[in-house]
Amino acid sequence: MHLIVCHLKLEVQLYKYSETTTPARKGNLTGSARKLKDNAADWHNLILKWDRLNEEGSSVAAKIVNSKISKESLKEHDVLMEGDHLSVAPSLVHQNSQELQAECTNLQNIVNKMAHILSKMEKMVSAGRGMCELEKFQYGAKGRPAPLFQTWSMQQFAEVSSRLYDVYKQELALKQTILQELAHTTNMDLSMVYLSSWLYQPYIEDSSKLLLESLLIETGHRAL
């Protein structure tokens, strides 16, 4: 029975790292090394969640634009003949407005989840700075004599986390702007720009992805 319980605990510990290409091994890592490796896995998994939310949000944003196009079409073409007068079918317009509001709410929820992810990223940046201060206190301004993993200093870990956080902070600000503007703009060309910006995430460049991969390689989550 004791062996079964220990096995289950081990599975729970390893599950956290199951999303990385090469699962993190507990090994004998302790202290700062353990925290850095855990943080690297957390960065990877948070960015995976962000990317899934981005895809979901892109689909919702497209529905908002299509709903607006449909609404404008109803105003111009879906009319009922009432004697000698033409009027927009009110039930169809109302239904379309309800659908538009529902999709806007969905997009708001997605942006809120992204903001929650960013808050976790901010905490990891703060933790990295704290480890840098601790190392300076322990080893002086030059830091520890040998790297914890392969080549990076503690300062490099902190800088990478900070740069990744800044990228996603800018991207969240853009998405919040798109959320506010998408349902209200009457310019279809501008709507297409918003859709493209949401999907392709201009602030998250290839260099940001390279930073993440470098972090995973340095901490042993990726094989060289």
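Where is the place of Asn109? Asn109 has its place in helix H3. The views below show a predicted model, in which local features need pLDDT of at least 70, side-chain atom pairs count only at pLDDT 80 or more, and totals for chains, interfaces and linings use all residues. Residues are numbered from 1 along each chain as its sequence is written, and side-chain values use heavy atoms, with hydrogens and water left out.

**View 1. The whole protein has six helices and two strands.** Helices (H or I, at least four residues) and strands (E, at least two) are DSSP runs, numbered from the N terminus. From the N terminus on, the order is α-α-β-β-α-α-α-α. The protein has 224 residues, and 38% of them are buried. Buried means under 20% relative accessible area, exposed over 50%, and partly exposed in between (1.4 Å probe, protein chains only). Take the contacts (heavy atoms within 4.5 Å) with a separation of 6 or more: residues 24 or more positions apart account for 78% of them.

**View 2. Asn109 and Gln108 sit in helix H3.** Asn109 counts as partly exposed because its relative accessible area is 38%.

**View 3. Gly57 lies in helix H2.** Gly57 has a relative accessible area of 0%, so it is buried. Leave aside its neighbours within four places in sequence: Gly57 is then in contact with Leu107, Ile110 and Trp198. Gly57 and Leu195 are 138 residues apart in sequence, yet their C-alpha atoms are 9.6 Å apart in space.

**View 4. The protein holds one cavity of 30 Å³ or more.** On a 1 Å grid over the protein atoms alone, a cavity is a set of points where a 1.4 Å probe fits but cannot get out; lining residues have an atom within 4 Å of a point. Grid points are joined across faces, edges and corners, and a volume is the space filled by probe spheres set on the points. The volume of the largest cavity is about 80 Å³. It is lined by 13 residues, and the closest to its centre are Leu36, Asn39, Phe157, Ala158 and Ser161. Helix H2 (31-76), helix H3 (90-139) and helix H4 (154-182) each supply at least two lining residues. The lining has 10 nonpolar residues, three polar and no charged. Here Ala, Val, Leu, Ile, Met, Phe, Trp, Tyr, Cys and Pro count as nonpolar, Asp, Glu, Lys and Arg as charged, and the others, Gly among them, as polar.

**View 5. H4 packs with helix H6 (residues 206-218).** Their angle is about 145°, and their axes are 10 Å apart. Axes are lines fitted to C-alpha atoms, for helices over the stretch in contact, and angles run from 0 to 180 degrees between N-to-C directions. From H4 come Phe157, Val160, Arg163, Leu164 and Val167; they meet Ser208, Leu211, Leu215 and Glu218 of H6. Six of these contact residues are nonpolar, one is polar and two are charged.

**View 6. Gln201 lies in the loop between helix H5 (188-200) and H6.** Gln201 is not a glycine, although its phi is positive, about 50°. Gln201 counts as buried because its relative accessibility is 8%.

Key: 1 Å grid on protein atoms, 1.4 Å probe; cavity = no way out; pocket = protein on both sides within 12 Å on 5 of 7 lines; lining within 4 Å.
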